[in-house]
Amino acid sequence: MTTRKLTVQEQLAKWPSHMVLKVGAIAGLIILLALSYYYIPYPGLTDTGIRIARNILFSIFNPSLELLLDFSTKNGVVYLLFETAAIAFLGTLIGTLVSIPLAFLSSRNIMPNWFTNLGIALITIIRTFPTVVYGLMFIRVAGPGPFTGVLTLAIASIGMVSKLFIETIEDLDPGIIEALDASGCNTIQKIQYGIIPQLLGNFTSTAIYRFEINVKYATILGMVGAGGIGAPLIFAISAYRWKDVGALLIGLIIFVLVIELISSKIRKKLATGE
């Protein structure tokens, strides 16, 4: 069935209603901007803040080479970066493994609505709390250190990853399953040849994307004592060791760029096969 194209006269006839929507949208944006200004006033920059920003920028181009090229101690940039990557990897892995059954149990095309509503409510509650809040709670439970960072990122990952997994599962093509069923395939064969091939690429891409996010979160969590490069960074800033700050930031920038480059290529390969 073909869709008829609108004539010029019909387009012009709809223009007044479009204008009302556009004016309403612009007015809404103006109101939101006014409210934002009211709740977040701009106090201006202090002389101390400008001087600190200048020192940080200068230190990035004059880093401590001794710290940056330290490959042998736990205080070196290389060790701290690998610790950050390990925290992000294990947190992503645990969160993804927990998200898979939770997503299946929360998908409306698999489970009844009353049951999926419980799962979606649980995921929503998990996503409500910021990652730093989980970090502060787990520090009280497990103490400061990398293990706390892993637990924090695992719980925080469940909220996002489960939601994306549910969308992928609910977009499954039922025709493939019906064709396998008509061919006499049993349940295991339908899962193996009908469900897994449709989900594997999207699941892997989502997990890799979450790993990228967790690498950055692991840095922030380090500032509250959950391991990684964040704690040495905040200590260096507090002690005004700007050359050490520069070394840590340069290592972190290079590390994040490498991670994003590799993960982008992997996700592109999964999406396009190229």
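Trainee: Why is F203 called buried?
Mentor: In this predicted model, F203 has a relative accessible area of 10%.

Trainee: How do you know whether F165 is buried or exposed?
Mentor: The relative accessibility of F165 is 0%. That value is under the 20% limit, so F165 counts as buried.

Trainee: What makes the rings of F165 and F203 a stacked pair rather than an edge-to-face one?
Mentor: Two values are needed, since a pair of aromatic rings is described by the distance of the centres and the angle of the planes. The centres of the F165 and F203 rings are 3.8 Å apart, which is within the 6.5 Å required for a pair. Their planes stand at 15 degrees, and planes under 30 degrees apart count as stacked, so the pair is stacked.

Trainee: Why can this pair be said to tie together separate parts of the chain?
Mentor: F165 belongs to helix α7 and F203 to helix α9, residues 187–222, so the pair links parts that are 38 residues apart in sequence.

Trainee: Which other aromatic pair may we examine, and what makes it edge-to-face?
Mentor: The whole structure holds four aromatic pairs, and one of them is formed by Y38 and Y39. Their ring centres are 5.1 Å apart and their planes lie at 85 degrees. An angle over 60 degrees counts as edge-to-face, so that is the term for Y38 and Y39.

Trainee: Are Y38 and Y39 buried or exposed, and how do you know?
Mentor: Y38 has a relative accessible area of 63%, and for Y39 the value is 63%. Exposed means over 50%, so Y38 and Y39 are exposed.

Trainee: What is T204 called, and why?
Mentor: T204, a residue of helix α9, has a relative accessible area of 29%. This value falls between the limits of 20% and 50%, so T204 is partly exposed. T204 is 62 residues from I266 in sequence, with 9.3 Å between their C-alpha atoms.

Trainee: Why does D244 count as buried?
Mentor: D244 has 19% relative accessibility, which is under 20%, so D244 counts as buried. D244 lies in helix α11, residues 242–272, and touches S64, L67 and A236, leaving aside residues up to four places away in sequence.

Trainee: Why is α4 called oblique to α7?
Mentor: Helix α4, residues 77–105, and helix α7, residues 146–170, have axes that come within 6 Å and cross at roughly 40 degrees. Roughly parallel requires an angle under 35 degrees and roughly perpendicular 65 to 115, so α4 is oblique to α7. The crossing of α4 and α7 is right-handed, and its contact residues comprise 18 nonpolar, eight polar and one charged.

Trainee: What makes α5 oblique to α7?
Mentor: The axes of α5, residues 113–128, and α7 cross at roughly 135 degrees and come within 8 Å. Roughly antiparallel requires over 145 degrees and roughly perpendicular ends at 115, so α5 is oblique to α7. The crossing of α5 and α7 is left-handed. Among the residues that make this contact are I123 and R127 of α5, and G159 and K163 of α7.

Definitions and conventions
Residues are numbered from 1 along each chain as its sequence is written. This is a predicted model: local features need pLDDT of at least 70, side-chain atom pairs count only at pLDDT 80 or more; totals for chains, interfaces and linings use all residues. Side-chain values use heavy atoms; hydrogens and water are left out. Helices (H or I, at least four residues) and strands (E, at least two) are DSSP runs, numbered from the N terminus. Buried means under 20% relative accessible area, exposed over 50%, partly exposed in between (1.4 Å probe, protein chains only). Contact means heavy atoms within 4.5 Å. Axes are lines fitted to C-alpha atoms, for helices over the stretch in contact, and angles run from 0 to 180 degrees between N-to-C directions. A crossing is left-handed if the near helix is turned anticlockwise from the far one by less than a right angle, and right-handed if clockwise. Ala, Val, Leu, Ile, Met, Phe, Trp, Tyr, Cys and Pro count as nonpolar, Asp, Glu, Lys and Arg as charged, and the others, Gly among them, as polar. Rings of Phe, Tyr and Trp (its six-membered ring) pair if their centres lie within 6.5 Å; planes under 30 degrees apart count as stacked, over 60 as edge-to-face and the rest as tilted.
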